[in-house]
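Here's a quick tour for anyone meeting this structure for the first time. Have a look at it, and then we'll go through it topic by topic.

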Amino acid sequence: MQIIGEKINGTRPRVGEAIINRDKDFITNLAIEQVKAGANLVDINAGTTPDREAQDLVWAVELVQKAVDVPLCLDSTNPAALTEALKHITREDVMINSINGEENRLDSLVPIVAERGTMVIGLAMDESGIPKSVDDRLKVVRRILARTREAGIADNKVYIDPLIMTIATDTSAAILALQAMRAIKTEYPEAHITAGMSNVSFGLPVRSLVNRTFLTLAMEAGLDSAIADPSNRDLREAIIATEALLGRDPFCRRYTSAFRQGLISGQATGQ
Ligand code: THG
């Protein structure tokens, strides 16, 4: 299970301020804290206005890649900002978050992904929004993978995000996402599945409880990566236990060593 640390997101007010004020310590600490807590990649969403996104993203990328030794996940829908940021990446491995089924995004970004050999998140949506049915989401996913394959991109570089909506407004939202994950995994066993872990609980109390329970179900349905807060202990505990339960932790070694290191306690912390 790979965790993409979500905390450097400019749409969070404190982070947006830090990016605009060029507060190096604040952003650097967010990156280090997440990697210490177990993030395998660090998401960077400059989240500022379109006219300054490229320069803000480049600033954050340069800062974060000096501070931590994991690949970055460039979280932007702006091809110009992504292209510019990629020029400043020094590591070989990097992830683009994201492409989707929109023709103009596929046209502008798939060649970059192919040429640079990046990992890429593909969202199950297109020009007409997020499809309501599993079948229609699969159609979008097929379009994305047809294009990446055509460009010579291996399926294992592609991370499909089925897009999770909140159950507060539609109680079938989680089931639909789980069914989509299973269908994608069956059709594209080499592709990865990722998702943001906090959308599902939007508008509900005790969100962390809903998030970690969903994560457990999603891991069984094929989720192998999550955009989440790695310092959330409850979530980390759920991941470690679920990996052991799903036979993804030989001899429960990681589970027992997590216990010895104090990473799991059996006591929920609330959050
Ligand atoms: N899919 C993909 N990319 C994504 C998302 C997705 N990128 C953005 C978003 N969704 C995932 N990132 C965040 C970042 C922060 C928060 C939620 C999702 C967030 N922060 C709270 C805050 O700002 O207060 C709480 C943080 C905490 O304390 O845990 O909610 O779905 N491909």
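Predicted model: local features only at pLDDT ≥ 70, side-chain atom pairs only at ≥ 80, totals over all residues.

**S225 and its setting**

- S225 sits in strand β8, which covers residues 225-228.
- Is S225 buried or exposed? With a relative accessibility of 0%, S225 counts as buried, because the cut-off for that is under 20%.
- One of the neighbours gets a polar contact too: the side chains of S225 and T194 meet at 2.7 Å.

**The nonpolar cores**

- The largest nonpolar core is made of 67 residues, and M181, F214 and L223 have the most contacts inside it.
- Which helix gives the most to this core? That's α3 (residues 50-67), which puts in six residues.
- There's another core apart from that one, with 11 residues, and I4, M119, M125 and L163 are among them.

**Around the ligand**

- There are 13 residues around the ligand, and R12, D75, N97, D161 and I227 come nearest.
- R12 has a polar side-chain atom 2.7 Å from an oxygen atom of the ligand.
- In the side chain of D75, an N or O atom is 2.8 Å from a nitrogen atom of the ligand.
- N199 also has a polar side-chain atom by the ligand, 3.4 Å from one of the ligand's oxygen atoms.
- How much of the ligand does the protein bury? On its own the ligand exposes 670 Å², and the protein buries 68% of that.

**Helix α3**

- α3 has 18 residues and reaches 26 Å from its first C-alpha to its last, close to the 26 Å expected at 1.5 Å a residue.
- The buried residues in α3 are E53, D56, L57, V58, W59, A60, V61, L63, V64 and Q65.
- What do those buried residues pack against? Their partners are the strands β1 (2-9), β2 (41-45) and β3 (72-75), along with the helices α1 (13-20), α2 (24-36) and α4 (79-87).
- D25 is in helix α2, and at 57% relative accessibility D25 counts as exposed, whereas L63 is buried.

**Helix α9**

- α9 has 13 residues and spans 18 Å from its first C-alpha to its last, close to the 18 Å expected at 1.5 Å a residue.
- Why call α9 largely enclosed by the rest of the structure? It's because 10 of its 13 residues are buried.
- Those buried residues are D234, L235, R236, E237, A238, I239, I240, T242, E243 and A244.
- The cover over them includes β1, α8, β8 and α10.
- At the start of α9, a side-chain oxygen of N232 comes to within 3.0 Å of the backbone nitrogen of D234.
- Just after α9, G247 takes a positive phi of about 70 degrees.

- V206 is not a glycine, yet it has a positive phi of about 50 degrees.
- Where is V206? You'll find V206 in the loop between β7 (192-193) and α8 (207-221), and it counts as exposed, with 53% relative accessibility.
- F251 isn't a glycine either, and it has a positive phi of about 55 degrees.
- F251 lies in the loop between α9 (233-245) and α10 (253-260), and its 70% relative accessibility makes it count as exposed.
- The peptide bond from N97 to S98 is cis, with omega near 25 degrees.
- S98 belongs to strand β4 (residues 95-100), and N97 is one of the residues that come nearest to the ligand.

Note on methods
Residues numbered from 1 in each chain as written. Heavy atoms only, no water. Core = buried A, V, L, I, M, F, W, Y, C linked by side-chain atoms within 4.5 Å. Buried < 20%, exposed > 50% of the residue type's maximum accessible area, 1.4 Å probe, protein only. Helix = DSSP H or I, 4+ residues; strand = E, 2+ residues; numbered from the N terminus. Polar contact = N/O pair within 3.5 Å; in protein donor to acceptor, adjacent residues only side chain to side chain. Near = heavy atom within 4 Å. Areas by Shrake-Rupley, 256 points an atom, 1.4 Å probe, with all protein chains shown as cover. Expected span 1.5 Å × (residues − 1). Contact = heavy atoms within 4.5 Å.
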